[in-house]
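I wanted to go through this one slowly and jot down what I looked up. Here is the notebook, in the order I worked.

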Amino acid sequence: LSLEIGNAARGWNYHASEIDVLVITGSMPFLPEAFKTCFKENGRLMAILGDAPSMEVTLVNKQNQKWSAKKVFETVAPPLLYAQQPERFVF
């Protein structure tokens, strides 16, 4: 059992298929696909997804090589540093 702390804003790829649980402590507009490569079977992830003022704590589970997500509650949290951003329309 180990605990690691670091900036996983773009995923935690050097731990491919080794992680049981990941808690992301800052908000992100969406969950990048890179996060899905680092989990063992039955892996779990907690993330705050969305843009202010509408963010949701989301629990993501991996079972039988498939992902499911459950929105738990709404919140607002500071953004995760260096988190991937979606393309946005600019005038």
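My entries follow, starting with the ground rules.

**Ground rules.** This is a predicted model, so I kept in mind that local features need pLDDT of at least 70, side-chain atom pairs count only at pLDDT 80 or more, and totals for chains, interfaces and linings use all residues. I numbered residues from 1 along each chain as its sequence is written, and side-chain values use heavy atoms, with hydrogens and water left out.

**Secondary structure.** I counted zero helices and four strands. For the record, helices (H or I, at least four residues) and strands (E, at least two) are DSSP runs, numbered from the N terminus. Along the sequence the pattern reads β-β-β-β.

**The sheet.** I checked how the strands are arranged: they make an open sheet of four with the order β1-β2-β3-β4 and mixed pairing. Two strands pair if DSSP finds at least two bridges between them. Which strands stand at the edges? They are β1 (19-28) and β4, each with a single partner strand, so one side of each has no neighbour in the sheet. From one strand to the next the twist averages 15°, where axes are lines fitted to C-alpha atoms, for helices over the stretch in contact, and angles run from 0 to 180 degrees between N-to-C directions.

**β3 and β4.** I looked at this pair next. Strand β3 (residues 54-63) and β4 run antiparallel and are joined by nine bridges. Val57 sits opposite Phe73 in β4, and Thr58 sits opposite Lys71 in β4. The two strands form a hairpin with two residues between them. Asn64 is in that turn, with a positive phi of about 55°. At 65% relative accessibility, Asn64 counts as exposed. My cut-offs here: buried is under 20% relative accessible area, exposed over 50%, partly exposed in between (1.4 Å probe, protein chains only). How many of the ten residues of β4 are buried? The number is zero, so β4 lies largely in the open.

Most residues other than glycine have a negative phi, and most peptide bonds are trans. With that in mind I noted Asn42, whose phi is near 70°, a positive value in a residue other than glycine. Asn42 lies in strand β2 and is partly exposed, with a relative accessible area of 48%. Its C-alpha atom is separated by 4.9 Å from that of Lys62, 20 residues apart along the chain. Leaving aside neighbours within four places in sequence, Asn42 is in contact (heavy atoms within 4.5 Å) with Asp20, Lys62 and Gln63. I also found a cis peptide bond between Ala52 and Pro53, with omega about 5°. Pro53 is in the loop between β2 and β3.

**Aromatic pairs.** I found two. The test: rings of Phe, Tyr and Trp (its six-membered ring) pair if their centres lie within 6.5 Å, and planes under 30 degrees apart count as stacked, over 60 as edge-to-face and the rest as tilted. The Phe39 and Trp67 rings have centres 5.6 Å apart and planes at 75°, so I logged the pair as edge-to-face. This pair links distant parts of the chain, with Phe39 in strand β2 (residues 39-51) and Trp67 in strand β4 (residues 66-75), 28 residues apart. Phe39 is buried, with a relative accessible area of 1%, whereas Trp67 is partly exposed at 27%. For Phe89 and Phe91 the ring centres are 5.2 Å apart and the planes at 80°, so this pair is edge-to-face too. Phe89 and Phe91 are both exposed.

**The core.** In soluble globular proteins, nonpolar side chains tend to be buried together. I looked for a nonpolar core, meaning a set of buried Ala, Val, Leu, Ile, Met, Phe, Trp, Tyr and Cys residues joined through side-chain atoms within 4.5 Å. The largest has 14 residues, and those touching the most other members are Leu22, Ile24, Met28, Leu31, Phe35 and Leu45. The elements giving two or more residues to this core are β1 and β2. Setting aside its neighbours within four places in sequence, Leu22 is in contact with Phe35, Phe39, Arg44, Leu45 and Met46.

**Totals.** Buried residues make up 34% of the 91 residues in the protein.
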